Amino acid sequence: MNNEIIFLTRAYLPDYQEYIEEIKDLWDSHWITSMGKKHNMLEKALESALNVPYVTVFTNGHNALELLINAMGLTGEVITTPFTFISTTHAIVRNGLTPVFCDIKKDDFTIDPDKIEAVINEKTSAIIGVHVYGNPCDVEKINMIAEKHNLKVIYDAAHAFGEWYNEKNLAEYGDASIFSFHASKVFNSIEGGCAVCKDETINSVLNKLRNFGINDGDVEYVGTNAKMNEFVAAMGICNLRHLDEVICRRRILTKYYEEQLDGIKGIQLKTNLTKEGLRSNCAYLPLIVDDKTIKRDNLYDILNKNGVQALRHFYPLTSQYSCYNCEKNGNTTPVAVWVSKHILLLPLYADLRTEQIDYICKVIREYVNNEERK
Ligand SMILES: *Cc1c(COP(=O)(O)O)cnc(C)c1O
């Protein structure tokens with residue numbers, strides 16, 4: 001086992017036969033893309049799974065977010081956080097808008113609602129929160145702030161598929177959200193994604209934007225091509241059938257990690273199984289490594305040397321990459337900077353084996369014990 005790399009993630013796949021059955025009729029119809037039968041079936045199935053009136057599927061989660069921002073007609077400045085995948089910031093900037101970085105909370109890494117109002121001004125049009133690692137943003141407080149200042153609220157819910165929070169699907173919060181169906185996510189369609197919203201007009205604009213802005217022979221919007229094809233939609237239909245068993249398996253493995261890593265000096269698990277009101281999807285296994293001698297970067301190196309693909313994620317912050325380099329005027333998100341330097345993700349996927357977790361935890365314990373003896 002020790003010479004086989006344990007990857008951070010492993011794409012979930014349905015049985016080969018199940019997928020073949022699902023795509024069989026594509027050979028009868030030859031309709032393989034452009035809002036075909038599978039595409040429309042998947043949208044309907046997602047509306048029901050996510051408990052929302054409107055779902056629009058796309059080639060990927062990034063296009064869903066970029067086009068959602070476009071469809072909602074945001075202007076000027078958008079308040080967001082830099083502790084996310086680069087996609088969130090890119091989607092704002094590629095719409096010609098300015099991202100204004102607000103700090104995150106140290107306990108769950110989501111946008112800190114107590115710091116939002118300080119960065120609102122007359123140019124602000126929206127708040128884009130990220131449900132990082134499936135941790136729900138402080139949706140109630142964010143909603144109150146948005147109402148008071150007449151702002152739109154969008155959630156990047158790329159990590160939060162299949163989660164329920166205070167009796168609602170996480171998709172139901174805010175004006176709109178996006179999900180990613182990338183191979184690395186809890187629910188995948190190889191590549192893919194969707195936007196969800198409550199507003200029929202936004203939904204109808206999204207439907208056109210993904211297809212070049214075409215409407216009935218006219219071209220109404222400067223759209224793009226972000227249509228999901230039938231083979232991808234078929235994969236989504238198959239994988240959606242197995243969502244519950246995937247999350248159930250992830251939950252068992254998360255609990256197993258928690259038992260194995262309990263009480264190790266310098267290592268804090270940041271899983272969310274016990275968060276009140278949350279039905280977690282167990283999307284990630286985040287650790288904070290914080291100690292005088294136990295160092296995140298050393299642990300990262302040792303794990304990777306021992307064939308365990310741990311990941312420093314999100315590091316650097318999106319605001320620190322060369323294309324943005326927003327910190328030249330001083331950093332405004334000290335908590336995000338700190339978390340970024342101490343966060344580490346461990347491998348987690350539905351068919352990860354408990355022996356592999358034993359091995360990963362043994363490498364961690366040996367590193368900590370060695371440091372202790374020095
Ligand atoms: C994966 C991800 C995206 C982008 O989704 P794609 O489907 O890969 O385009 C956006 N935001 C976050 C936080 C993500 O993790």
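## Exercises on pockets, cavities and a ligand

By class, the largest cavity is lined by five nonpolar, six polar and one charged residues (Ala, Val, Leu, Ile, Met, Phe, Trp, Tyr, Cys and Pro count as nonpolar, Asp, Glu, Lys and Arg as charged, and the others, Gly among them, as polar). Keep in mind that this is a predicted model: local features need pLDDT of at least 70, side-chain atom pairs count only at pLDDT 80 or more, and totals for chains, interfaces and linings use all residues. Residues are numbered from 1 along each chain as its sequence is written, and side-chain values use heavy atoms, with hydrogens and water left out.

**Exercise 1.** Find which residues line the largest cavity.

*Solution.* Start with the rule: on a 1 Å grid over the protein atoms alone, a cavity is a set of points where a 1.4 Å probe fits but cannot get out, and lining residues have an atom within 4 Å of a point. That gives three cavities of 30 Å³ or more. Next, the largest cavity has a volume of about 60 Å³ (grid points are joined across faces, edges and corners, and a volume is the space filled by probe spheres set on the points). Finally, read off its lining, which includes Y133, N135, K270, C282 and P286.

**Exercise 2.** Work out what lines the largest pocket.

*Solution.* A pocket is an open set with protein on both sides within 12 Å along at least five of seven lines. The largest pocket holds about 470 Å³ of space. Of its 29 lining residues, F85, S180, H182, S184 and K185 lie nearest its centre. Now go by element: α4, α5 and β8 (176–180) each give two or more residues to this lining (helices, H or I, at least four residues, and strands, E, at least two, are DSSP runs numbered from the N terminus). By class, the lining splits into 12 nonpolar, 13 polar and four charged residues.

**Exercise 3.** Locate the ligand and list its polar contacts.

*Solution.* First, the ligand sits in the largest pocket (more than half of its atoms lie within 2 Å of the pocket's grid points). Of the 14 residues around the ligand, G61, D156, H159, S180 and K185 come nearest (a heavy atom within 4 Å counts as near). Then check polar contacts, pairs of N or O atoms within 3.5 Å. A polar backbone atom of G61 is 2.8 Å from a ligand oxygen, a polar side-chain atom of H159 is 2.8 Å from a ligand oxygen, and an N or O atom in the K185 side chain is 3.2 Å from a ligand oxygen.

Definitions and conventions:
Polar contact = N/O pair within 3.5 Å; in protein donor to acceptor, adjacent residues only side chain to side chain.
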